[in-house]
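This report concerns a predicted model.

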Amino acid sequence: MSNDITFSIIKPDALGNGHAGSILARFNQAGFRIAGLKMVHMTRSQAEGFYEVHRERPFYPGLVEFMSSGPAIVMVLRH
């Protein structure tokens with residue numbers, strides 16, 4: 001196993017629809033291990049900052065709205 005790490009988010013719609021467990025199981029089956037995990041509910045301001053790189057894109061307002069619409073799970077995965 002290497003020390004490659006990646007950041008992943010289980011987004012509000014997937015979490016709200018009860019898919020977190022199956023998503024985490026898929027990561028595990030693919031050989032990823034969770035190095036850190038936290039449930040967050042981004043404020044609008046936090047989402048704006050996180051997605052700042054996309055500010056000029058037409059999808060930015062909807063992305064900010066969506067990502068601040070409910071809780072999400074953020075995690076660091078190791079492979």
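Ser8 belongs to strand S1, which spans residues 5–10. With a relative accessibility of 15%, Ser8 counts as buried, because the cut-off for that class is under 20%. Leaving aside residues up to four places away in sequence, Ser8 is in contact with Phe27, Ile73, Val74, Met75 and Leu77.

The sheet is open and consists of 3 strands in the order S1-S3-S2, paired antiparallel. Between S2 and strand S3 (residues 72–78), the antiparallel pairing extends over 7 bridges. Leu37 is positioned opposite Met75 in S3.

The aromatic side chains form 3 pairs. In one of them, the ring centres of Phe7 and Phe50 are 6.0 Å apart and the planes stand at 50°, so this pair is tilted. Since Phe7 lies in strand S1 and Phe50 in helix H3 (residues 44–50), the pair ties together parts that are 43 residues apart in sequence. Another pair is Phe50 and Tyr51: the centres are 4.8 Å apart and the planes at 80°, so the arrangement is edge-to-face. Phe7, Phe50 and Tyr51 form one aromatic cluster. The accessibility of these residues is as follows.

| Residue | Relative accessible area | Class |
|---|---|---|
| Phe7 | 45% | partly exposed |
| Phe50 | 44% | partly exposed |
| Tyr51 | 10% | buried |

Notes:
Residues numbered from 1 in each chain as written. Predicted model: local features only at pLDDT ≥ 70, side-chain atom pairs only at ≥ 80, totals over all residues. Heavy atoms only, no water. Helix = DSSP H or I, 4+ residues; strand = E, 2+ residues; numbered from the N terminus. Buried < 20%, exposed > 50% of the residue type's maximum accessible area, 1.4 Å probe, protein only. Contact = heavy atoms within 4.5 Å. Pairing = 2+ DSSP bridges. Phe/Tyr/Trp six-rings, centres within 6.5 Å; stacked < 30°, edge-to-face > 60°.
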